[in-house]
Amino acid sequence: MASVLSEIAVDCANPMLVARFWCEALNYDVLEEEAGLVSIGSGSQGQGGLKLTFAQVPETKSIKNRLHLDLRPQNAQQQEEADRLISLGASYADVGQREDESWIVMADPEGNEFCVLSGVE
């Protein structure tokens, strides 16, 4: 028997701010909201789909994430997608990557790193 990945939890200061960014980035919807906690996911996947949950915590982010999300553009080139994410509130991030990497390292509005991949592998 195996487990199923159902939810990824992200600590943050402002759950709705971060949730709104990721809703726009992934074309997700807010599924649940309560004080200090917002869960988002794909409405088309229903309750069985993967959710991202943003939980308010008092401490600020201080080091590089040990776990991050990789995004693969579906209908755009890598740089076009990076530009779109910048317009939503993302920024470029330096985590020590080389200049010749095939991915672009970015950060959400609260500094959580993620990567934009180059395309279909």
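Buried means under 20% relative accessible area. The values below come from a predicted model.

Q: Is Trp22 buried or exposed?
A: The cut-off for buried is under 20% relative accessible area. Trp22 has a relative accessibility of 4%, so Trp22 counts as buried.

Q: What is the geometry of the aromatic pair formed by Phe21 and Trp22?
A: The structure holds three aromatic pairs. In the one formed by Phe21 and Trp22, the rings are 5.1 Å apart centre to centre, with 85° between the planes. Planes over 60 degrees apart count as edge-to-face, so the geometry of this pair is edge-to-face.

Q: Which parts of the structure does the pair of Trp22 and Phe114 tie together?
A: Trp22 and Phe114 form an edge-to-face pair, at 5.0 Å centre to centre and 70° between the planes. The two residues are 92 apart in sequence.

Q: Which residues do ring pairs link into a cluster?
A: Phe21 is buried at a relative accessible area of 3%, and Phe114 is buried at 0% relative accessibility. Trp22 pairs with Phe21 and also with Phe114. The cluster linked by these ring pairs is made up of Phe21, Trp22 and Phe114.

Q: What is the relative accessible area of Asn27?
A: Asn27 sits in the loop between helix H1 (15-26) and strand E2 (29-34). Its phi is near 60°, a positive value in a residue other than glycine. Exposed means over 50%, and Asn27 is exposed, with a relative accessible area of 68%.

Q: Which residues does Asn112 touch, not counting those up to four places away in sequence?
A: Asn112 is found in the loop between strand E7 (104-107) and strand E8 (113-116). Asn112 is buried, at a relative accessible area of 10%. Leaving out residues up to four places away in sequence, Asn112 touches Val10, Asp11, Lys61, Asn65, Met106 and Ala107.

Q: Is Glu81 buried or exposed?
A: Glu81 lies in helix H2 (residues 78-88). Not counting residues up to four places away in sequence, Glu81 touches Ala25, Pro73, Ala76 and Val116. The relative accessible area of Glu81 is 11%, and the cut-off is under 20%, so Glu81 is buried.

Definitions and conventions:
Residues are numbered from 1 along each chain as its sequence is written. This is a predicted model: local features need pLDDT of at least 70, side-chain atom pairs count only at pLDDT 80 or more; totals for chains, interfaces and linings use all residues. Side-chain values use heavy atoms; hydrogens and water are left out. Helices (H or I, at least four residues) and strands (E, at least two) are DSSP runs, numbered from the N terminus. Buried means under 20% relative accessible area, exposed over 50%, partly exposed in between (1.4 Å probe, protein chains only). Contact means heavy atoms within 4.5 Å. Rings of Phe, Tyr and Trp (its six-membered ring) pair if their centres lie within 6.5 Å; planes under 30 degrees apart count as stacked, over 60 as edge-to-face and the rest as tilted.
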